[in-house]
Amino acid sequence: TSLIHRINWVDYAKGICIILVVMMHSTLGVEKAVNTASFIHPFIEWAKPFRMPDFFLISGLFLASRIDKPWRAYLDTKFVHFAYFYLLWMSIQLLTKSGGLLLQGDIGAISLAFLMALVEPFGTLWFIYILAVFFIVVKLTQRAPAIAVFAIGAILEIATINTGWLLVDEFAARFVFFFTGYWMAKHVFQFAAWVNSKASTMILAGLVTWGFGNHLLVSGGYASLPVVSLVLGFVGAGAVISSGVLLSKFKIADGVRYCGENSIVIYLAFFLFMAGSRTALLRFAPQLDIGMVALLVTMVGVIGPLLLFWLTRNTGLSFLFRRPAWAKLRPLPNGAFGWHSRDHVKQLNIKPQPEIR
């Protein structure tokens, strides 16, 4: 399959993941507000084993094309980039959620919450925070035996660590998938090419079989067991990739691909639209079924950020989704901002994906 198709299926897979993430937060938020489970809840639980593992695995796919950059250049694109958006949108979230404290002039409480958010990922932005951490850890362990790093990541996931500190717990649960995306990128692309060569009926049959098996394990309470959760994460990632390939083959559901292409935009801003639409619907349309409310909130949570991005992209507010020049590390005078080695990239025979906005 061509590079374009590879990127297309990546965007489709990322689109599936970001929509599932927004749906999860929207549904759980609505259910919490009314203290009632909706008809979507079983689907949210069904997607839990693979929703975030696939997102992290795909996030690591193109790291091989940048891992050999000098530290300064690497930090700019893989740490400062995410730190900028985390700090910006964490501040926006914090201010919107602390409106009462702001009106009361309790700057001390807001400042404390801000400082805490520097060490404990804030709200829905934990993914952005920990992604930056993953990029640094992979760079630091670049010379270590990959199989050893993978084994440690797998052990951490199987251990089901629960310290109450989100950074530690999510690192332990997700790092193995991110590292696998980086380490096994060549094989992931080969798998996607293999899926692309199969008949669509075979792909659908495989997805249905996987979906039913995933349902049995989730409904039976086995999905969260050690080892089982690890296996389901990888198998589910393969299923999402297969779904992305299938959608890419027929060039359907282009909206899903566009969501994947702009997944960072949706992830940063969906909370604004999710919270507002949830409050409005529960207040002004109390007759609506809770599940329908959750679906509508999901739709607004996905479309709202994309509209905001388009409205601001050529204005003074473009900094919301595009990192300005002042927030970038400049190259050193000796040109050390360039590449050190591209052996790994040549071995994978893939091109780096454009930086996410």
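Leaving aside residues up to four places away in sequence, Phe127 touches Met52, Phe55, Phe56, Ser59 and Tyr267, a contact being heavy atoms within 4.5 Å. The model is predicted, so local features need pLDDT of at least 70 and side-chain atom pairs count only at pLDDT 80 or more, while totals for chains, interfaces and linings use all residues. Residues are numbered from 1 along each chain as its sequence is written, and side-chain values use heavy atoms, with hydrogens and water left out.

Phe127 also turns up in the largest nonpolar core, which has 94 residues; Trp9, Phe56, Leu61, Trp89 and Phe127 are the ones that touch the most other members. A nonpolar core here is a set of buried Ala, Val, Leu, Ile, Met, Phe, Trp, Tyr and Cys residues joined through side-chain atoms within 4.5 Å. Helix α1 (residues 3-34) gives this core its largest share, eleven residues.

Ser26 sits in helix α1 too. Ser26 counts as buried because its relative accessibility is 0%; buried means under 20% relative accessible area, exposed over 50%, and partly exposed in between (1.4 Å probe, protein chains only). With residues up to four places away in sequence set aside, the partners of Ser26 are Met274, Ala294, Val297 and Thr298.

As for the fold, the protein chain has 15 helices and zero strands; both are DSSP runs numbered from the N terminus, helices being H or I of at least four residues and strands E of at least two. Of its 357 residues, 48% count as buried. Among contacts with a separation of 6 or more, 84% join residues 24 or more positions apart. The chain exposes about 16,900 Å², with carbon and sulfur atoms supplying 69% of that; the areas come from the Shrake-Rupley method with a 1.4 Å probe, and for residues only the protein chains shown count as cover.

On the cysteine side, Cys17 is buried at 1% relative accessibility, and Cys259 is buried at 7% relative accessible area. The structure holds zero disulfides, that is, pairs of cysteine sulfur atoms within 2.5 Å.

Confidence is given as pLDDT, the predictor's score for each residue from 0 to 100. The protein chain averages 89, and 89% of the residues score at least 70. Helix α7 (residues 146-158) is highest at a mean of 98, and helix α15 (residues 343-348) is lowest at 44. Over residues 1-6 the pLDDT is below 50, and this stretch has nine contacts in the model beyond near neighbours in sequence. Residues 338-348 also stay under 50, with 21 contacts beyond four places in sequence.
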